[in-house]
Amino acid sequence: MKASIPANEQDRLAALRRFELLDTPPEDAFDHITRLAAKLLNVPIALVSLIDEDRQWFKSHLGLPVRETAREFAFCAHAIHGNDVFMVADATLDPRFSDNPLVTKDPGIRFYAGAPLRTSDGLNLGTICVIDRIPRPMLTPDEQEALRNLSAMVMMLIEARQAVGYLHPVTGLSNRFRFLKDIDNALTEDGPAPRTAVVVFDMAASDQYATLARSLGHAMADLFEVAAARRIADRLPGRPKLYHLSAARFGCLLPAPDDDALASWLDAATAGLGAPILCQGVPIVTSNGTGAALFPSDGANALELLRAATTAAHQAMEGKAPWCRYDAARDHASQRAFHLLRDLVPAVAATDQFRIVYQPKIDLRSRACVGSEALLRWVHPELGPISPAEFIPLAERTAFVRPITDWVLNATLAQVARWEKSGLRLRTSINLSMLDLEADDFSSRIAALLDRYGVPPDLIDFEVTESALMQDRGKVNRQFQRIRQLGIEFEIDDFGTGQSALSYLKHIPASVVKIDKMFVQALATDRNDQIMVRSTIDLAHELGFRVVAEGIETVEVYDWLRTHGCDIGQGYLMSRPLEAPAFEAWLRAGGFASPQRPNQPALCGADAQSA
Ligand code: C2E
Ligand code: CA
Ligand code: CA
């Protein structure tokens with residue numbers, strides 16, 4: 001005979017789900033209690049049984065090999081109707097159980113006694129029960145009392161286990177600790193296939209969430225979390241369990257048999273995820289990004305997988321993609337960037353990590369050296385030489401470019417001063433970042449440095465590149481003017497690579513335009529580059545600028561540029577950037593005009609005499 005369904009069944013099942021016990025791995029604490037029950041009451045079988053919708057599932061099962069049975073045969077399904085110990089002395093004589101397969105077949109139950117596991121709000125989740133294969137008298141009052149005490153212990157354990165903090169109070173979802181445990185469990189169950197995917201949903205950038213909490217209050221931020229959780233849950237195909245990981249960040253686990261299945265799952269889960277979220281009628285607009293990491297390729301354990309999926313979600317948000325698979329190469333790049341940035345601080349203070357090299361600038365007609373460009377070199381103590389093309393843009397993303405510029409200015413001005421004292425009057429160009437020019441005191445610092453090293457301002461040029469990072473054009477322009485008044489000239493660097501190169505010419509009080517090597521390198525053969533460079537040279541000349549080309553690697557390019565009126569050139573053909581002593585030696589040996597050099601470009605007309 002089947003047990004009837006308790007009147008409070010819905011609440012009972014909801015409570016059971018909330019405690020998150022079903023299908024969890026065995027835990028010692030529960031097994032100790034069933035062992036104690038079996039010993040105290042001298043029976044071969046003791047169980048902690050939870051009555052689920054249509055099964056009973058054993059959190060602990062001593063003396064019985066199965067982890068669950070159908071609810072319709074469960075003695076415990078009867079026991080949860082009462083509030084006290086439920087007993088059957090001989091099941092073969094009880095019409096409710098005599099034809100029950102658990103009685104007629106394995107394990108051949110005869111005696112049963114179960115005490116309900118009752119929550120503090122009066123819901124019976126299941127029982128702790130003892131079972132024998134032979135009939136026995138009913139438990140004595142003392143024995144019943146023992147079983148009731150054991151039931152109370154199990155309930156204390158269940159409630160304490162939850163209090164340890166596996167739930168996020170605002171959303172009611174399991175938290176990150178639970179997620180990590182569940183990932184680990186899934187991994188231990190995972191065979192080679194199906195692979196487990198860890199998915200992370202970022203529903204707001206961290207600064208957006210902070211702003212939301214600050215401007216609209218924490219109650220509103222809580223509402224946002226609840227609504228965001230619902231937004232995600234409504235979209236998850238197959239309804240996997242959703243976890244709350246941190247502010248506005250959620251996660252779930254799913255089986256991902258192959259990449260296509262994962263991709264279509266992610267497409268479905270992220271469709272429309274970014275629509276404004278209504279909180280008390282206020283539409284809240286945030287960025288979002290979803291990331292997925294696969295076991296075993298993207299991580300060997302729960303922590304690694306969660307980190308990988310979080311990184312992927314961040315990449316999706318940055319790239320404005322709905323979702324991203326974890327990309328190890330990209331991740332390594334950003335970890336490297338992080339390490340470099342961190343190591344730049346001590347590098348500036350160290351004496352042996354930064355150096356300046358000087359690349360000659362050549363008058364294309366006379367082949368004479370008319371100056372040099374100071375280029376920074378960083379030899380990282382572990383990673384070796386790092387290109388400034390890698391670390392300068394990193395430093396520009398933080399406030400850290402200013403101390404680097406200071407280092408370069410000091411080192412270069414000291415060198416220029418030494419050269420000047422030894423009779424070598426060479427104009428030297430120093431690269432600046434636009435961020436330098438945003439500092440109010442930049443021009444006065446320059447004036448002080450020129451003074452300190454005794455360098456005449458006409459020996460210094462600044463090369464500046466247009467920067468998307470430039471915040472305050474007015475401020476920058478004022479700095480330009482003041483530096484010009486000191487007698488220093490500006491070159492517009494990397495010309496042609498920026499967004500608004502032409503308007504730039506109008507804004508910067510420069511005297512030189514420097515064409516980027518990207519247009520120069522293939523100049524001898526590429527029609528488009530030829531058109532671009534020729535018109536730049538003409539335009540710059542008409543506006544009164546001198547023109548420098550960088551990246552000259554072949555005689556053909558050199559000749560082309562000279563023929564088309566470019567004034568000055570820089571490139572590996574003439575010389576690589578050199579340390580100061582090597583640069584001096586190169587000059588003493590005649591520089592690029594030296595007749596001993598192979599592969600010299602032709603000298604023409606009047607130039608031939610002067611060279
Ligand atoms: P940039 O200002 O455009 O400098 C020219 C780059 O091209 C240099 O690279 C130079 O070594 C390289 N180069 C010169 N001739 C040739 C050639 O014929 N072929 C090729 N392929 N390359 C050539 P480097 O020294 O690696 O510097 C890269 C960038 O880093 C520079 O580009 C500049 O933007 C930045 N940088 C370098 N030093 C400093 C510095 O002291 N301060 C700042 N703010 N930026 C710097
Ligand atoms: Ca430059
Ligand atoms: Ca360049």
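1. In this predicted model, the lining of the largest cavity has six nonpolar residues, three polar residues and no charged ones. The residues concerned are M203, L273, G274, A275, P276, I277, I284, T286 and N288. The volume of this largest cavity is about 40 Å³, and the structure holds one cavity of 30 Å³ or more.

2. The phi angle of Q280 is near 50 degrees, a positive value in a residue other than glycine. Most residues other than glycine have a negative phi.

3. The largest pocket has a volume of about 1100 Å³. A total of 37 residues line this pocket, and those nearest its centre are E373, L375, P388, A389 and N431. Sorted by class, the lining of the largest pocket comprises 14 nonpolar, eleven polar and twelve charged residues.

4. Which elements each supply at least two residues of the lining of the largest pocket? They are the strands β15 (369-380), β17 (427-432) and β19 (489-495), together with the helices α12 (388-396), α13 (401-421) and α14 (434-437).

5. The second largest pocket contains about 880 Å³ of space. Its lining consists of 29 residues, and L22, D23, D182, K241 and Y243 are the closest to the centre. In this lining, 14 residues are nonpolar, five are polar and ten are charged.

6. Elements that each supply at least two residues of the lining of the second largest pocket are α1 (9-19), α6 (176-189), β8 (242-246) and β9 (249-256). Helix α6 gives the most, with five residues.

7. Helix α6 also packs against another helix. The axes of α6 and α10 (residues 302-318) come within 9 Å and cross at roughly 115 degrees, and the crossing of α6 past α10 is right-handed. On the α6 side the contact is made by R176, F179, L180, I183, D184 and L187, and on the α10 side by A302, L303, L305 and L306. By class, this contact has eight nonpolar, no polar and two charged residues.

8. How do the axes of α15 (residues 442-453) and α16 (residues 473-486) cross, and within what distance do they come? They cross at roughly 20 degrees and come within 9 Å. Because angles under 35 degrees count as roughly parallel, α15 is roughly parallel to α16. The crossing in which α15 passes α16 is right-handed.

9. In the contact between these two helices, α15 contributes F442, S443, I446 and A447, while α16 contributes Q479, R482, I483 and L486. Five of the residues in the contact of α15 with α16 are nonpolar, two are polar and one is charged.

10. Two peptide bonds deserve a remark. The bond from D106 to P107 is cis, with omega near -5 degrees, and P107 lies in the loop between α4 (101-104) and β5 (111-118). F295 and P296 are likewise joined by a cis peptide bond, for which omega is about 5 degrees. P296 is placed in the loop between β12 (289-294) and α10. Most peptide bonds are trans.

Definitions and conventions: Residues are numbered from 1 along each chain as its sequence is written. Chains are lettered from A and ligands numbered from 1 in the order in which they are written. This is a predicted model: local features need pLDDT of at least 70, side-chain atom pairs count only at pLDDT 80 or more; totals for chains, interfaces and linings use all residues. Side-chain values use heavy atoms; hydrogens and water are left out. On a 1 Å grid over the protein atoms alone, a cavity is a set of points where a 1.4 Å probe fits but cannot get out, and a pocket is an open set with protein on both sides within 12 Å along at least five of seven lines; lining residues have an atom within 4 Å of a point. Grid points are joined across faces, edges and corners, and a volume is the space filled by probe spheres set on the points. Helices (H or I, at least four residues) and strands (E, at least two) are DSSP runs, numbered from the N terminus. Ala, Val, Leu, Ile, Met, Phe, Trp, Tyr, Cys and Pro count as nonpolar, Asp, Glu, Lys and Arg as charged, and the others, Gly among them, as polar. Axes are lines fitted to C-alpha atoms, for helices over the stretch in contact, and angles run from 0 to 180 degrees between N-to-C directions. Angles under 35 degrees count as roughly parallel, over 145 as roughly antiparallel, 65 to 115 as roughly perpendicular and the rest as oblique. A crossing is left-handed if the near helix is turned anticlockwise from the far one by less than a right angle, and right-handed if clockwise. Contact means heavy atoms within 4.5 Å.
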